[in-house]
Amino acid sequence: MDDIGIQADSLTFAYPGAPPAVQDVSFSIRRGECLLIVGHNGAGKSTLLKLLNGILRPSSGRLFINGEAVQNRSVSELARLMAVTFQNPGDQLFASTVRKEVAFGPENLRHPNADELVRNALHALHLSHCADEHPYDLPLPTRKLVTIASALAMGTPHLAFDEPTAGLSHPEKLLVAESLAAVRNDQTLLIVSHDLQTFLPLASSVLVLHRGRVLFSGPPQSFIDRNHHMRKAGVRLPLLSRLRRLLSLPLIASADPTRK
Amino acid sequence: MSCAISTNQLSVTYAGQASPALHSVSVRIPEGTICAILGVTGTGKTTLLHALAGVLGAHQSGASVEGSISIGGVDYQPVPNTILFPTVAFVLDDPTLQISGMRDTAFDEVAFTLDNLGIPRERHAERIRPFLQSLGIAHLSDRNPTQLSGGEAQRVAIATMLVAEPRILLLDEPFSALDAENQHKLSLLLKDLRKTTTIVLAESRVDNVLTTADHVIVLERGRVAFEGSHHAFIHRIVEFDSLLPSQVWKETMERLATMTDQPVWKRIRKVMGWTT
């Protein structure tokens with residue numbers, strides 16, 4: 001029980017006048033594991049992330065981080081535990097330079113090694129060369145990388161991302177995958193994404209949400225073996241995985257070192 | 001109607017360059033197919049597309065061009081220096097360069113092509129809408145085309161070309177900016193277009209084109225290293241490991257090449273979406 005990083009216990013939430021967006025959702029991930037959350041648009045994925053960082057409060061159910069019940073902690077207390085980035089970079093960029101943007105979190109948290117965290121995060125996402133530019137002078141995909149660098153620089157024990165590779169080109173996706181793989185063993189990762197090709201190799205477990213409920217929860221291999229879950233979740237198995245299945249090769253190679 | 005394309009001993013050397021960008025390239029792209037030109041960066045893919053579009057001179061003045069090309073049975077020697085639009089339409093790798101910025105909405109951006117072809121306004125909507133639908137951008141009709149995401153802008157750029165109903169459509173790296181879902185949609189759209197249009201696309205990665213291309217050309221340092229059907233390519237694919245995204249891909253392709261006469265091949269063809 002000690003090494004459980006995040007545990008959700010029957011989380012339920014409904015927006016006013018609507019059926020529950022998240023209903024009875026439970027999962028747990030250990031420190032150093034990566035949970036991939038998939039589901040159709042409107043399945044409750046983004047709502048679930050907002051429950052995790054305290055922007056929304058569950059109407060029932062409990063949330064544990066590092067073994068402590070945190071569903072009533074303040075947003076800023078939760079921010080020390082988990083950095084959350086959202087799908088649209090426009091929702092969260094506000095500083096006048098990329099460096100200030102990335103430094104905002106760790107400086108606010110008064111991290112003693114904030115400078116180093118910022119430098120490493122900028123380096124990991126290949127943003128060092130544009131650190132002094134205004135985020136809004138950069139193309140949208142680069143802005144997206146800035147939000148991911150901002151989350152990494154927080155140095156929190158847990159990280160959550162909403163569609164971190166949406167709208168990115170292949171080399172940019174690889175950059176994100178490599179950056180997240182590099183922190184995976186030290187930090188808990190929670191990734192909401194349709195991008196199975198990028199994130200299935202990283203994931204230690206998969207959670208499928210369908211109309212606010214958990215449709216499937218288990219290891220990636222059993223997720224892949226159950227086609228109907230994938231169809232319901234609105235995701236396609238990547239071509240490589242489909243071919244490997246037909247060729248009787250192991251579906252998920254734990255390490256897929258990418259060529260430069 | 002779609003038409004076949006061929007090049008005969010096509011060589012292109014840019015001004016000030018010692019080695020040619022294309023070296024005696026002779027290829028034959030059958031009509032009504034999707035042909036992928038594969039190669040790493042700087043290997044001549046875009047130069048070949050420029051030659052087929054008749055824009056070599058527009059992009060690089062002073063290039064020395066030898067050999068000939070043939071489009072729909074018409075031989076062009078010397079290689080044309082005039083844009084062959086609307087017979088041949090060209091979608092650039094950077095869609096922002098293609099969007100005129102002179103029109104306020106994506107719909108009007110597409111209509112700009114029809115204006116230029118002298119098609120009366122009252123016929124625009126019926127001609128444009130099906131393309132916006134099949135490209136999944138109908139909901140963007142009223143958006144400012146200069147404020148779209150990369151993938152959205154690219155599809156608008158494709159629409160501006162398709163609406164001219166070209167016999168040949170050339171696309172430079174059409175898949176690289178798209179996510180998996182949109183790659184799949186574009187692939188289906190291109191396959192549909194084969195009935196009327198021969199499609200030639202340049203890509204640097206095999207995985208982007210394996211399920212789309214019927215015909216494959218691999219360029220290495222300006223020379224043709226492979227030309228043939230997707231089926232024939234499977235047997236040679238591992239020779240071109242700079243085109244494969246990872247070691248796991250290479251291992252998978254090695255196994256795939258041993259399976260072409262096995263019963264499972266039929267199912268593999270289905271997964272590949274190969275109907276030809």
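**Entry 1: two helices crossing**

I started with how α3(A) passes α4(A) in this predicted model. The crossing is right-handed. I then looked up the geometry: helix α3 covers residues 98-108 of chain A and helix α4 covers residues 114-124 of chain A. Their axes lie 9 Å apart, and the packing angle is about 135°. That angle makes α3(A) oblique to α4(A), because angles over 145 degrees would be needed to count as roughly antiparallel.

Which residues meet here? From α3(A) I noted Arg99(A), Val102(A), Ala103(A), Pro106(A) and Glu107(A). They meet Ala114(A), Leu117(A), Val118(A), Ala121(A) and Leu122(A) of α4(A). Sorted by class, the residues of this contact are 8 nonpolar and 2 charged, with no polar ones.

**Entry 2: where the chains touch**

Next I turned to chain B and found 25 of its residues in contact with 24 residues of chain A. On the chain B side, the elements giving two or more residues are α6 (150-162), α7 (180-193), α9 (247-257) and α10 (265-272) of chain B. Which element gives the largest share? I found that α9(B) does, with 6 residues. This side of chain B has 11 nonpolar, 9 polar and 5 charged residues.

I checked the confidence last. Chain A has a mean pLDDT of 87, and 95% of its residues reach 70 or more. Among its elements, α4(A) has the highest mean, 95, while helix α9 of chain A (residues 227-233) has the lowest, 76. Residues 254-260 of chain A fall below 50, though this stretch has 11 contacts in the model beyond near neighbours in sequence. A reminder to myself: where pLDDT is low, the predicted coordinates should not be read in detail.

Methods: Residues numbered from 1 in each chain as written. Chains lettered and ligands numbered in written order. Predicted model: local features only at pLDDT ≥ 70, side-chain atom pairs only at ≥ 80, totals over all residues. Axes fitted to C-alpha atoms, helices over the stretch in contact; angles between N-to-C directions. Helix = DSSP H or I, 4+ residues; strand = E, 2+ residues; numbered from the N terminus. Parallel < 35°, antiparallel > 145°, perpendicular 65-115°, else oblique. Left-handed = near helix turned anticlockwise from the far one by under 90°. Contact = placed C-beta atoms within 7 Å. Nonpolar A, V, L, I, M, F, W, Y, C, P; charged D, E, K, R; others polar. pLDDT = per-residue confidence, 0-100.
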